[in-house]
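Work through the exercises below with the model open. Try each task before reading its solution.

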Amino acid sequence: MRTQVAVIGAGPAGLLLSFLLHEAGIDCVVLEARDREYVRQRVRAGVCEQPTVELLTSLGLGERLAAEGMPHEGLSLRFDRADHRIALTELTGKAITVYGQQEIVKDLIDAHEARGYPISFEISDVQLSDVDTDRPRVAYRDSGGNAQVIECDAVAGCDGFHGVSRPSISDNLTVFEREYPFAWLGVLARTPPSHHELIYTHHERGFALHSMRTPEITRLYLQVDPHDNLANWSDDRIWAELTARLEVEGDFALREGPILDKGITPMRSFVAEPLRHGRLFLAGDAAHIVPPTGAKGMNLAIADVRVLARALEALLRGDESLAAAYSDTCLRRVWRAEHFSWFMTTMLHTDPHADGFARQLQLSQLRYTTSSRAAATSLAENYVGLPFA
Ligand code: FAD
Ligand code: DHB
């Protein structure tokens, strides 16, 4: 088969890139390892930066986002058993919108299907070759197990952290990495949010986060040991731990309800540079990971492919300049998000190896961030999303 761009992976990065390229008249195919229902239901990110919302809206993909997304003009940092509000909109003029990543993925899949843009689900054994020529090839097995080969002008590696694209060029990449001594246990529960805004909690028992999906569905996270096992976390234990960490002096009661989904995610910071080798371009989690405390991963994936779509359009017209600049352009935003996510993570989590000095520094940083307008504005402008390049 022949196409112009082969896109590996149907997460937010791959699907949005494919949409942008098709809308620009470029032929492309998305290859996805999982089945359609799995991809549509996978529970992950929830926070959309303002630039992400504006981009999706400008592309005509914002109808359900506007109707069902929950705009937020502030968030709480909870420590010393009290809430300290960061007034995002008052400080920056911008807001974030809580709208589940799987809803964005559903909107993108629906837009593909309505327009006849192809996505091949349940493919396997992807192998990239000739990416350092101008005729790269992608070999794979289709959902029926038949061997297929795509010949193309460029390959977009949007296959997440565990995909095949990055490993296929690892000899040409420099990796920067940091692991953290904690993971997140994420819970989706059928119960109304206990507060109208997100609450990021620093507590001696560990970090906890109160978020939401709809007026009836709450999303919650607990810091756990990275080697911990889901089998150790009964629903009763999860609610007891959330209640202990979210306790405040004042009016707050955690609303409990049936748990619909739970999972443990390790936390790491990771960047592989550059984001391009020959005609293979990496985007999103395939190239970089942030710990989720800054709510940046999906937003970065979207920012990458906005730049990549323009670079590929120019490249296919014979203009190499934007493709040559692609990696450097994206890495500026990536490293800002890496720093912000590291900052939020180290400020809010309880490091089991930290000494008393480190814990006092953390509390001092929390008090400063919530009492200085300058410090709060810095957090807020990063959180709502810096303008696109
Ligand atoms: P992915 O979503 O990982 O998509 C990659 C796709 O490629 C997948 O569909 C996968 O099945 C497919 N694939 C993998 N290997 C292959 C292969 N060999 N062949 C074909 N297909 C393959 N980000 C935020 O911005 N805000 C948040 O609030 C936030 N919260 C988070 C909370 C949690 C608990 C977690 C885990 C993540 C969170 N993130 C958040 C991060 C966000 O979910 C990711 O950064 C985002 O999914 C990256 O999108 P992507 O398209 O690059 O990769
Ligand atoms: C959510 C996830 C995050 O990583 C975060 O920082 C805030 C909210 C969420 O899933 O709702």
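## Exercise 1: The shell around ligand 1

Ligand 1 is surrounded by 36 residues, the closest being Gly9, Gly11, Gly160, Gly284 and Gly297. A residue belongs to such a shell if its C-beta atom, placed from the backbone, lies within 6 Å of the molecule. The model is predicted: local features need pLDDT of at least 70, side-chain atom pairs count only at pLDDT 80 or more, and totals for chains, interfaces and linings use all residues. Residues are numbered from 1 along each chain as its sequence is written, while chains are lettered from A and ligands numbered from 1 in the order in which they are written.

**Task.** Find which elements give two or more residues to the shell around ligand 1, and how the shell divides by class.

**Solution.** 
1. Start with the elements. H1, strand E13 (174-190) and helix H9 (297-316) each give two or more residues. Helices (H or I, at least four residues) and strands (E, at least two) are DSSP runs, numbered from the N terminus.
2. Find the main contributor. H9 supplies the largest share, four residues.
3. Sort by class. The shell holds 17 nonpolar, 13 polar and six charged residues. Ala, Val, Leu, Ile, Met, Phe, Trp, Tyr, Cys and Pro count as nonpolar, Asp, Glu, Lys and Arg as charged, and the others, Gly among them, as polar.
4. Check the domains. Domain 1 (5-72 + 96-176 + 268-344) and domain 2 (180-267 + 352-384) each give at least three residues to this shell. These bounds come from an automatic or database domain assignment.

## Exercise 2: Ligand 2 and the two domains

**Task.** Explain why ligand 2 lies between the domains.

**Solution.** 
1. List the shell. Ligand 2 is surrounded by Ala45, Gly46, Val47, Leu198, Leu209, Ser211, Arg219, Pro292, Thr293 and Ala295.
2. Classify the residues. Six are nonpolar, three polar and one charged.
3. Assign them to domains. Both domain 1 and domain 2 give residues to the shell, so ligand 2 lies between them.
4. Look at the domain pair. Their C-alpha centres lie 28 Å apart. The contact takes 13 residues from domain 1 and 15 residues from domain 2; two residues are in contact if their C-beta atoms, placed from the backbone, lie within 7 Å.
5. Inspect domain 1's side. Strand E4 (70-72) and strand E7 (96-98) each supply at least two residues there. By class, this side has seven nonpolar, four polar and two charged residues.

## Exercise 3: The buried side of H6

**Task.** Identify the buried residues of H6 and what they pack against.

**Solution.** 
1. H6 (residues 101-115) has 15 residues and reaches 21 Å from its first C-alpha to its last, close to the 21 Å expected at 1.5 Å a residue. The expected span is 1.5 Å times one less than the number of residues.
2. Pick the buried residues. In H6 they are Ile104, Val105, Leu108 and Ile109. They cover an arc of only 135 degrees around the axis, which puts them on the same side of H6. The arc is that of the directions from the helix axis to the C-beta atoms.
3. Apply the cut-offs. A residue is buried if 20 or more other C-beta atoms lie within 10 Å of its own, exposed if 12 or fewer, and partly exposed in between.
4. Recall the geometry. An α-helix has 3.6 residues a turn, so residues three or four places apart point the same way.
5. Find the partners. The buried residues pack against helix H1 (12-23), helix H2 (36-41) and strand E8 (119-120).
6. Turn to the opposite face. Glu113 and Ala114 are exposed there.
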